[in-house]
Amino acid sequence: MATEPIRMPDASTEPAAYKQALLKLTENDDPLETMSHTVAAWRQLTEGLTPVQLNQPPEPGEWPIAQITGHLFDVDLVFGFRGRLMLTADNPTYPGYDEKLWAPMPRPPFDELLEVGGGLRAANLLVFKAAPKEAWSRTANHSEQGPETFDELLRKMAGHDIAHLNQMQRAVESVG
């Protein structure tokens, strides 16, 4: 049986709806727990896939597995910066970015990207888990999505993981 897709609004054209959809995916979960399992799931899904399978779009207009992986790495860069900024500055503002323009940027070979991505996630989780609970109410302003708390930032990141692991699962089913 095929994995049912998680449908998400477009982040660029519907930023508020996109934010709410991400938050809904994690409304009853501990976001740090969710994020702690992402890299293992990512590795398990991609284990044994060939370079052709990793780079084959599952269907027209869909990102191949390698590109999803690169995107997850980009998100860890961006959210890691945003989280650190929220924890160290009073009500900062940070920009949005166009993920579609970042997606074709050069990447290391897939195995290296998995290792680097896993290391970046571990470093981000170290910072996020060290934040005291009272820091979870710290605020920032996202230039496209508006005000958000540190808690919402973490929930968005965890929801993003869930949505893209679903996308990756469907891509593996399609190319494998």
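Predicted model: local features only at pLDDT ≥ 70, side-chain atom pairs only at ≥ 80, totals over all residues.

**Helix 2 against helix 6**

The axes of helix 2 and helix 6 come within 10 Å and cross at roughly 170 degrees. An angle over 145 degrees counts as roughly antiparallel, so helix 2 is roughly antiparallel to helix 6.

Next I listed who makes the contact. Helix 2 brings Leu32, Met35, Ser36, Thr38, Val39, Trp42, Arg43 and Thr46. From helix 6 I noted Phe110, Leu114, Glu115, Gly117, Gly118, Arg121, Leu125, Phe128 and Lys129. Sorted by type, the contact residues are 8 nonpolar, 5 polar and 4 charged.

**Helix 6 itself**

I then checked the span of helix 6, residues 110-130. Its 21 residues reach 30 Å from the first C-alpha to the last, close to the 30 Å expected. I found Arg121 and Asn124 among its buried residues, along with Leu113, Leu120 and others. The cover over these buried residues includes helix 2, helix 3 (51-55), helix 4 (65-88) and helix 7 (150-175).

**The strands**

I moved on to strand 2, residues 139-142, where side chains alternate.

Which strands does strand 2 pair with? Strand 1 (residues 93-94) pairs with it in the parallel sense over 2 bridges, and Thr93 has Asn141 as its bridge partner. Strand 3 (residues 146-149) runs antiparallel to strand 2, joined by 4 bridges, and there Asn141 stands opposite Pro147. I also noted that strand 2 and strand 3 form a hairpin, with 3 residues between them.

Definitions and conventions: Residues numbered from 1 in each chain as written. Heavy atoms only, no water. Expected span 1.5 Å × (residues − 1). Buried < 20%, exposed > 50% of the residue type's maximum accessible area, 1.4 Å probe, protein only. Contact = heavy atoms within 4.5 Å. Axes fitted to C-alpha atoms, helices over the stretch in contact; angles between N-to-C directions. Parallel < 35°, antiparallel > 145°, perpendicular 65-115°, else oblique. Nonpolar A, V, L, I, M, F, W, Y, C, P; charged D, E, K, R; others polar. Pairing = 2+ DSSP bridges.
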